[in-house]
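Subject: Structure handover

Hello,

Here is the structure you will be working on. My notes on its side-chain contacts follow below.

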Amino acid sequence: MSNSQTTGVASKRAYVAAIAIILFFWQVAAWFLPDFLMPDVPVALQRLWEELNSGEFYEGLGNSMSRLGIGYGAALFFGIILGLVGGTLNLVRSTLKAAIIILQSIPSIAWVPLFLILMGFGNMPIIVVVAIGAFFPTALSVMNATESVEKVHISAARVMGASKLQMLKRVYFPAVTPELITGAQLAFGNAWRALISAEMIVGFSAGLGKSLAYSGEIADMTGVMTNILVIAILAAVIDQVILERIKHRLLRYQYL
């Protein structure tokens, strides 16, 4: 078995073990608390099975995934561009990095009221908040990686007559790819949290966040815990099945 396969199996086992431990402590808490405050794990799993057989669940899931895909994709695209350009322009690098660090410290959810006023209720405020959550860590990771590119590679490319665009494509982008992948995984966590939080506040059409908020409003603790379970498992699946697979494919030379 290759190092890549061994690492992947170990990571999946770790996630399975973590889920089992979380469910165990959840059940322990349920034994000591009233049912209306903390439902048993089997009760929540039964509700989850019922949700998985309903069309409403998949409508909300589809809406959330589309908002996540658009916002996260836009953040990666513009974050990579800004990180590469900012990292190669010495005149604005320090100021731009400081601005990114300052803006990154603002919780994504804090932008929701502003974009609700500017854009009104709809998908767009949620998508923009998701994009903001993922944009800054992506841009910062690429910018930091761009600064660490070997000077000898830059000098060699210039001697060979490479244009600025060719420098970005042939020198900087390949060099920053490992940091970019790591930054993209970090950005996903931010984007996911921003998505759920924004959906809970905006409450526009079906979505995972809206379903969680509604369960809380009607004091349906089984629904609350079921939604939390879905949100946690989906995040782990996306990170381990999709993002990790992309990471191993792009950086397969590190796992040989």
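E199 is buried, with a relative accessibility of 1% (buried means under 20% relative accessible area, exposed over 50% and partly exposed in between, with a 1.4 Å probe and protein chains only). This is a predicted model, in which local features need pLDDT of at least 70 and side-chain atom pairs count only at pLDDT 80 or more, while totals for chains, interfaces and linings use all residues. Residues are numbered from 1 along each chain as its sequence is written, and side-chain values use heavy atoms, leaving out hydrogens and water.

Salt bridges

Side chains of opposite charge can pair when their charged atoms come close. A salt bridge here is a side-chain nitrogen of Lys or Arg within 4 Å of a carboxyl oxygen of Asp or Glu. There are 2 salt bridges.

E199 forms one with R67, at 2.6 Å from N to O. E199 is in helix α8 (residues 164-202) and R67 in helix α3 (residues 55-88), so the bridge ties together parts 132 residues apart in sequence. Helices are DSSP runs of H or I with at least four residues, numbered from the N terminus. R67 is buried as well, at 2%.

R47 and D220 form a salt bridge, with 2.9 Å between the closest N and O atoms. R47 is partly exposed, at 24%.

Aromatic pairs

Rings of Phe, Tyr and Trp (its six-membered ring) pair if their centres lie within 6.5 Å; planes under 30 degrees apart are stacked, over 60 edge-to-face, and the rest tilted. The count is 7 aromatic pairs. Among them, F57 and Y58 are edge-to-face, 5.2 Å between centres and 85° between planes.

Regards

Notes. Helices (H or I, at least four residues) and strands (E, at least two) are DSSP runs, numbered from the N terminus.
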